[in-house]
Amino acid sequence: MIAVQPTKSIDARGMACPGPLMALIGAIRQGKVSDVIEVWSSDQGSKTDIPAWVTKARHELVSVVEENGYARFSIRKAR
Amino acid sequence: MPSQVVVLGGGVGGTIAANLVSKELGASVKVTLIDPAGMHVYQPGFLYVALGQANGRWLAQDERRLLRDEVELMIDRAVRIDPLARTVELARGGRIGYDYLVLATGARLARDEIPGLVEGAHDFYSLEGAIRLREALRTFKGGRVVMGVAGIPYKCPPAPVEFVFMLEEFLRKRGIREKSTITLASPLNRAFTIEATSKLVQPIMEARGIELGTFFNVEAVFPDKKTVTSIEGEEMPYDLLVLVPPHRGAQVIEDSGLGDERGWVPVSRATLQHEKFDTIFAIGDATNLPISKSGSTAHFEAPVVASQIAARIRGTVAKENYGGRVMCFLETGHRQATTIRFDYNHPPVSPQPSLQWHVAKWAFNRLYWQTVPQGRVA
């Protein structure tokens with residue numbers, strides 16, 4: 001897999017759901033089209049909430065990488 | 001010479017912290033609280049004003065009356081903080097030095113960040129906004145009411161849910177419920193940030209015919225067309241639009257470079273000490289902590305900050321850390337309410353809505369002035 005260099009990384013580990021999703025929405029709001037936002041989340045709810053929002057908002061889920069005790073979500077702002 | 005403790009902001013957190021530091025250290029400290037208005041405002045009351053259940057007059061009191069005599073109140077606005085020189089520059093001129101600084105500067109509303117919001121939307125996040133909304137509701141003849149959120153984080157996370165429940169009751173009493181639709185446009189895929197609370201309130205919303213729109217993060221308002229759009233690409237028509245405005249940290253935080261990109265102060269989640277400057281602490285809405293921005297958070301954090309500062313002045317170890325404690329009421333209308341309680345280690349719990357919690361909320365509203373600012377209830 002080709003690693004995508006994130007424009008911005010948000011360490012939302014330890015934030016209770018939906019903190020990581022809210023942080024992502026905030027970053028997408030502030031970001032530019034084609035920016036890649038990476039969110040680190042240790043919350044299990046993020047695994048459904050983040051992909052569901054990305055689909056609804058028509059952005060692109062570039063990758064989900066499982067790490068030790070958390071996951072890294074990369075999202076490209078598509079519009 | 002006594003240590004100098006300066007507190008910026010005369011809201012719930014600043015007032016309690018100033019009183020407790022003064023009480024704990026007595027003559028070995030000089031506490032100065034700086035507030036631009038010198039008035040203490042009970043912000044949870046705005047919602048009741050908007051729905052005609054309370055008069056605006058009981059929401060504000062002279063800050064001087066809530067502070068211990070030993071605490072000096074300066075009515076002025078802090079315009080810049082120099083964390084290295086440990087000084088605060090004031091709008092009326094001059095500087096005040098500090099050994100320890102408490103940032104209890106709250107959140108400010110950034111209504112102009114959303115195009116069309118000022119012209120097209122109501123809110124209950126200021127007394128003026130609540131009164132304007134009350135007038136609009138008084139002449140409302142029925143139609144589509146949309147309650148949405150135009151930025152996160154915002155103060156009092158349960159407020160939009162409370163508003164739709166209380167509005168449903170209001171419209172029913174006025175005999176125009178059948179001529180109206182109520183939609184809660186939620187930024188998430190559920191009614192409320194906390195899943196357990198959502199599971200409790202969503203069936204009640206359904207039973208009362210309150211519609212739920214999901215993943216709707218407001219992008220712009222079009223007052224001419226009477227529509228509101230979301231960053232997710234949807235459009236919703238309205239006759240009466242109520243939005244939680246975007247929030248930012250205080251101007252002085254942004255101008256002094258003490259906050260993140262939205263002006264929230266980065267602090268340790270346990271000690272509430274600034275991440276870079278060990279003589280600065282922050283409380284309540286001002287912090288960047290990912291917990292509720294609410295009076296209860298400030299209320300529970302203020303004794304921790306007071307304890308941390310008192311220990312440092314004495315050269316001892318602080319007795320208290322902040323454990324993330326938050327407790328909110330959530331009015332569900334028709335004389336019922338529930339509560340939401342949690343901390344860093346315990347997920348939120350909400351009991352079934354009941355009359356008991358509604359009465360408790362009203363008792364709290366009434367007893368607030370005699371208990372909370374003085375730090376009498378913990």
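How many salt bridges does the rule find across the interface of chain B and chain A? The rule finds three, a salt bridge being a side-chain nitrogen of Lys or Arg within 4 Å of a carboxyl oxygen of Asp or Glu.

## About the model

This is a predicted model, in which local features need pLDDT of at least 70 and side-chain atom pairs count only at pLDDT 80 or more, while totals for chains, interfaces and linings use all residues. Residues are numbered from 1 along each chain as its sequence is written, chains are lettered from A and ligands numbered from 1 in the order in which they are written, and side-chain values use heavy atoms, with hydrogens and water left out.

## The interface

One salt bridge joins B:Arg190 to A:Asp49, with 3.6 Å between the closest N and O atoms. Contact (heavy atoms within 4.5 Å) links 22 residues of chain B with 17 residues of chain A.

Together the two chains bury about 1500 Å², 55% of it on carbon and sulfur atoms; buried area is the accessible area (1.4 Å probe) lost when two parts are put together, summed over both. B:Phe215, B:Ile231 and B:Glu232 supply 35% of the area that chain B buries against chain A, more than any other three residues.

## Chain B as a whole

The C-alpha atoms of chain B fill a box of roughly 70 × 40 × 35 Å along the principal axes. Of its 378 residues, 58% count as buried, meaning under 20% relative accessible area (1.4 Å probe, protein chains only).

Among contacts in chain B with a separation of 6 or more, 62% come from residues 24 or more positions apart.

Notes
Buried means under 20% relative accessible area, exposed over 50%, partly exposed in between (1.4 Å probe, protein chains only).
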